[in-house]
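Please look over the sequence and the structure below before reading on.

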Amino acid sequence: MAMGTGTVVASDRVTGYTSRFRAFLDAEVAPVAAELDRAGVGTPWNPALDAHGRMHAGVWEARREVQRRSARAGLYNPHISADVGGGGFSRVEMQHVEEFVYRSSGLGLGLAALGWTEGASPAIEHCSDAARGRYLAPLLAGEITGAFCNTETSVGTDVLAMETRAHRDGTDWIIDGHKAWITNSHFADVLQVVAVTEAGAGTRSLTMFLVDADAAGVTRGRDIPTMLADGLTGELAFDGVRVPAENVVREVGDGFALAMAWINWRRMCRGGMCAGWGSWLLARAVDRARRRTSGGRPIAELQAVQHLLADIDADVYAARATSLVAQAELDELGPFAMPLHPDAPRLISLIKIVNDEAFFRVADRAVQVHGGTGLLAGSPEEKLFRVARNLKIPAGTVEIQRNAIARGLLR
Ligand SMILES: Cc1cc2nc3c(=O)[nH]c(=O)nc-3n(C[C@H](O)[C@H](O)[C@H](O)COP(=O)(O)OP(=O)(O)OC[C@H]3O[C@@H](n4cnc5c(N)ncnc54)[C@H](O)[C@@H]3O)c2cc1C
């Protein structure tokens with residue numbers, strides 16, 4: 001449990017990235033956002049839904065256009081290793097980048113410009129050379145999108161109890177099963193599917209496969225409507241889906257470690273996301289408190305409101321600082337090393353739990369400062385309150401983070 005000695009200060013390449021990102025928002029994102037606005041099909045984070053409950057195609061295409069432009073501008077993949085074509089940024093650098101992207105984009109289209117669950121992940125970096133050309137390169141270029149397929153209807157936390165199976169047929173593999181609660185299930189081109197290849201082998205029982213979403217036997221299922229109301233979560237069925245051996249990611253039996261690498265990436269991203277959105281909400285709350293009056297005076301003069309602002313500031317500051325220190329320690333341990341350093345899971349879970357719980361309080365208080373306006377359907381405060389509630393469940397519930405922290409302490 002030694003504290004790391006790594007720096008938490010933004011490097012020169014972070015400041016280079018953020019100034020290019022700022023210019024990109026004005027030059028490349030704003031015109032796409034204006035066109036989307038004219039189309040009248042909702043906003044990126046409050047999209048209209050189609051007849052099947054999925055994100056409206058117009059909103060999806062606007063996000064896709066921003067991803068392609070971002071990839072061309074060299075802004076889409078700072079989190080991916082340099083030796084496979086990414087920026088090779090450390091986790092400390094990524095927290096600074098993510099914070100800037102979330103603060104400067106708010107809930108706008110700019111968020112699509114940084115590779116997220118639909119882009120390349122640290123797990124897929126381990127794919128074979130053949131799969132690199134076929135899947136990783138187009139993902140990095142923003143030409144295709146992906147989905148991570150781990151959860152099933154009856155299995156979320158208890159991942160080793162999953163039912164999706166893969167068996168060998170010659171050198172190929174045949175996948176049978178189903179997945180549920182999958183982000184980007186409706187639109188993904190390549191599916192990172194985790195399946196049982198050796199039942200009873202514990203953490204070696206799973207393998208990750210790359211599956212073409214239009215392969216024979218893959219069926220996109222219904223949308224699962226959540227409180228996010230973004231039409232991006234759904235089901236997938238696999239019925240005798242044949243994949244070649246080259247679509248196995250890393251080695252047979254590495255699926256659990258790869259799934260955890262993917263999930264840990266999302267957990268660590270909470271640091272920058274919550275710092276960015278948190279400071280955006282704080283700035284909006286301060287502005288609102290200055291402009292809104294009660295009894296002829298700004299509510300910012302009321303101690304009750306000042307305390308709400310102070311509590312938001314304290315939560316944002318504490319979660320940001322904790323995350324930066326943990327990311328610096330993780331940079332020393334290797335945040336995606338295989339096998340992962342035994343001190344890493346506790347640090348990763350600390351980042352997730354501290355941010356999930358602080359950001360929930362931040363979003364709640366931001367709503368409170370705005371009064372009824374904060375409850376207005378589709379307002380940033382109302383939307384981020386729903387996002388904040390959601391954060392405590394995907395990528396491992398807050399209870400599971402406590403389990404991992406305790407395991408680290410008692411090891
Ligand atoms: C919007 C959204 C997007 C998602 N995107 C994806 C995706 O892209 N890919 C993907 O694979 N999955 C995705 N998921 C699934 C998500 O990862 C799971 O919902 C999450 O892991 C929790 O699993 P569960 O829903 O089955 O809850 P359960 O496992 O049923 O948990 C229910 C409750 O029991 C508690 N619990 C369960 N087991 C334990 C334990 N051992 N110790 C202590 N408490 C425990 C939990 O903390 C929770 O409070 C998404 C979910 C949502 C809501």
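## The shell around the ligand

Sorted by class, the residues in the shell around the ligand are eight nonpolar, eight polar and one charged. The model is a predicted one. Among the 17 residues around the ligand, those that come nearest are Thr151, Thr157, Trp181, Thr397 and Glu399.

A polar backbone atom of Asn150 is 3.0 Å from an oxygen atom of the ligand. Trp181 also takes part through its backbone, with a polar atom 2.9 Å from a nitrogen atom of the ligand. For Asn403 the polar atom belongs to the side chain, and the distance to a nitrogen atom of the ligand is 3.0 Å. On its own the ligand has 980 Å² of accessible area, and the protein covers 64% of this.

## Domains

The protein chain is divided into domain 1 (12-120), domain 2 (147-249) and domain 3 (256-410).

The centres of domain 2 and domain 3, taken over C-alpha atoms, are separated by 30 Å. The two domains are also in contact with each other, through 14 residues of domain 2 and 12 residues of domain 3.

Asn150, whose backbone has a polar atom 3.0 Å from a ligand oxygen, is found in the loop between β1 (146-149) and β2 (165-169). Is Asn150 buried or exposed? Its relative accessibility is 6%, so Asn150 counts as buried, the limit for that class being under 20%.

Apart from neighbours within four places in sequence, Asn150 is in contact with Val159, Met162, Lys179, Ile182, Val194, Ala259 and Ile263.

## Backbone features in loops

Two residues other than glycine have a positive phi. One is Asn184, with phi near 70°, placed in the loop between β3 and β4 (190-196). Asn184 counts as buried because its relative accessibility is 0%. The other is Ala395, with phi near 60°, in the loop between α8 (380-391) and α9. The relative accessibility of Ala395 is 19%, and therefore Ala395 counts as buried.

A cis peptide bond, with omega about 0°, joins Met338 and Pro339. Pro339 has its place in the loop between α6 (303-333) and α7 (344-370).

Glu99 lies in helix α3, which spans residues 91-105. With a relative accessibility of 8%, Glu99 counts as buried. When residues up to four places away in sequence are not counted, Glu99 touches Gly272, Ala275, Gly276 and Arg320.

Gly142 is found in the loop between α4 (129-140) and β1. The relative accessible area of Gly142 is 0%, so this residue is buried. Which residues does Gly142 contact, leaving aside its neighbours within four places in sequence? They are Arg64, Arg68, Ala71 and Tyr76. Gly142 and Glu65 are 77 residues apart in sequence, and their C-alpha atoms are 8.5 Å apart in space.

## Ala237 in strand β7

Strand β7, made up of residues 233-243, contains Ala237. At 30% relative accessibility, Ala237 counts as partly exposed, a class that runs between the limits of 20% and 50%.

Ala237 touches Gly177, His178, Gly217, Val218 and Thr219, with residues up to four places away in sequence not counted. Along the chain, Ala237 and Trp60 are 177 residues apart, and 22 Å separate their C-alpha atoms.

Definitions and conventions
Residues are numbered from 1 along each chain as its sequence is written. This is a predicted model: local features need pLDDT of at least 70, side-chain atom pairs count only at pLDDT 80 or more; totals for chains, interfaces and linings use all residues. Side-chain values use heavy atoms; hydrogens and water are left out. Helices (H or I, at least four residues) and strands (E, at least two) are DSSP runs, numbered from the N terminus. Buried means under 20% relative accessible area, exposed over 50%, partly exposed in between (1.4 Å probe, protein chains only). Contact means heavy atoms within 4.5 Å. A residue is near a molecule or strand if one of its heavy atoms lies within 4 Å of it. A polar contact is a pair of N or O atoms within 3.5 Å; within protein, one must be able to donate a hydrogen and the other to accept it, and residues adjacent in sequence count only if both atoms are side-chain atoms. Accessible areas come from the Shrake-Rupley method with a 1.4 Å probe; for residues, only the protein chains shown count as cover. Ala, Val, Leu, Ile, Met, Phe, Trp, Tyr, Cys and Pro count as nonpolar, Asp, Glu, Lys and Arg as charged, and the others, Gly among them, as polar. Domain bounds come from an automatic or database domain assignment.
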